[in-house]
Amino acid sequence: MVQKMKKFITLLLASALVLTCAGCGSKGGDTTSESGAADVKSEGVMTYDEYVAAPLDSEVVIETYVQDKQSWWDNKATLYTQDKDGAYFVYNVTCSEEDYKKLTPGTKIKVTGYKAEWSGEVEIAEGASFEIEDGNYVAAAEDVTSLLNSDDLINHQNKFVSFKGMTVEAAGQDDDGNDVAFLYNWDGSGQDGDDLYFNVSLDGNTYTFTVESYLRDKTTDVYAAVKGLNIGDKIDMEGFLYWYEGVNPHITSVTAAK
């Protein structure tokens, strides 16, 4: 599926500013542990269920934990975040480069912004603000393989997840008409360094997964792993359960199926 047009705009404005450092602000707050112990929300902060129930375009205030960072440019950061109850994709939150470097995996942040939706992907929209709080939580990958063809899958949107024992299918054809295991961009129009799109199947259903080049660029292991795939390979994967007109995970790890 085609990526967001807003990502294309970002490419035009700042393709050279993709960073992979760790960073953002500083404030006190509640603590949690990697065990997933219950969060105690600050006054005025929504639980995950309250966030889900909030209407689109309404103001939301959440406390969550950075799991990974997609990009930074022009004092805006895009973040994958999660707490013990669910996950939140935070798009282009206002963030200095200095603060961006502080957002290491597990960092707790309080985000104030507006809930939005883009082609099925629910997110906190551009222009939100945040503060760093005390606390740390890194989510383990949740195996959602069995949910792939179910209505329940969307309830895990944006979480760090895993997929097991899936089969690589043809993603398209090369200039000579031969089937290939991946494409640069959704339609094959790109080049090395662009997003990688590849198809995987399970129980007769085929799904399109993506290596988002802002999240994992061409120097990373997962980018190389997808370029090395062959049709018919059995693979396990981890990544974030992004949505675009249906499930379109942003993959961070690909290994041979165990």
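Predicted model: local features only at pLDDT ≥ 70, side-chain atom pairs only at ≥ 80, totals over all residues.
Modeller: Residues are numbered from 1 along each chain as its sequence is written, and side-chain values use heavy atoms, with hydrogens and water left out.

Biologist: Happy with that. How many helices and strands does the protein chain have?

Modeller: Helices (H or I, at least four residues) and strands (E, at least two) are DSSP runs, numbered from the N terminus. Counted that way, the protein chain has four helices and 15 strands.

Biologist: What percentage of the 258 residues count as buried?

Modeller: Buried means under 20% relative accessible area, exposed means over 50%, and partly exposed is in between, with a 1.4 Å probe and protein chains only. Of the 258 residues in the protein chain, the buried share is 50%.

Biologist: Among contacts with a separation of 6 or more, what share comes from residues 24 or more positions apart?

Modeller: A contact means heavy atoms within 4.5 Å. In the protein chain, the share from residues 24 or more positions apart is 64%.

Biologist: Now to the charged pairs. How many salt bridges are there?

Modeller: A salt bridge is a side-chain nitrogen of Lys or Arg within 4 Å of a carboxyl oxygen of Asp or Glu. By this rule, the count is seven.

Biologist: Which residue forms a salt bridge with Arg 216?

Modeller: The closest N and O atoms of this pair are 2.8 Å apart, and the partner is Asp 68. Arg 216 sits in the loop between β13 (205–211) and α4 (221–227) and Asp 68 in strand β1 (residues 59–73), so their bridge ties together parts 148 residues apart in sequence.

Biologist: How many residues apart in sequence are the parts tied together by Lys 227 and Asp 192?

Modeller: The side chains of Lys 227 and Asp 192 meet in a salt bridge of 3.1 Å, N to O. Lys 227 lies in helix α4 and Asp 192 in the loop between β11 (183–184) and β12 (196–202), so the tie spans parts whose separation in sequence is 35 residues.

Biologist: Are Lys 227 and Asp 192 buried, partly exposed or exposed?

Modeller: Lys 227 has a relative accessible area of 33%. Asp 192 has 36% relative accessibility. Both Lys 227 and Asp 192 therefore count as partly exposed.

Biologist: Which residues form the negative surface patch?

Modeller: Patches are made of residues with over 30% relative accessible area and no salt bridge, with like charges joined within 9 Å and nonpolar side chains (Val, Leu, Ile, Met, Phe, Trp, Tyr) within 5 Å. Lys and Arg count as positive and Asp and Glu as negative, leaving out His and the chain ends, and a charge is placed at NZ of Lys, CZ of Arg, CG of Asp or CD of Glu. One member, Asp 175, is exposed at 84% in the loop between β9 (172–173) and β10 (179–180). The negative patch consists of Asp 174, Asp 175, Asp 176 and Asp 179.

Biologist: What is the phi of Asn 158 near?

Modeller: Most residues other than glycine have a negative phi. Asn 158 is buried at 4% relative accessibility, in the loop between β7 (142–143) and β8 (160–169). Its phi is positive, near 75°.

Biologist: Which residues does Gln 191 touch, not counting residues up to four places away in sequence?

Modeller: Gln 191 lies in the loop between β11 and β12 and is exposed, with a relative accessible area of 56%. Beyond those sequence neighbours, Gln 191 touches Tyr 184 and Tyr 223.

Biologist: Last one: how far apart in space are Glu 212 and Gly 193, C-alpha to C-alpha?

Modeller: Glu 212 lies in the loop between β13 and α4 and is buried, with a relative accessible area of 2%. Glu 212 and Gly 193 are 19 residues apart in sequence, and their C-alpha to C-alpha distance is 9.8 Å.

How values were computed: Areas by Shrake-Rupley, 256 points an atom, 1.4 Å probe, with all protein chains shown as cover.
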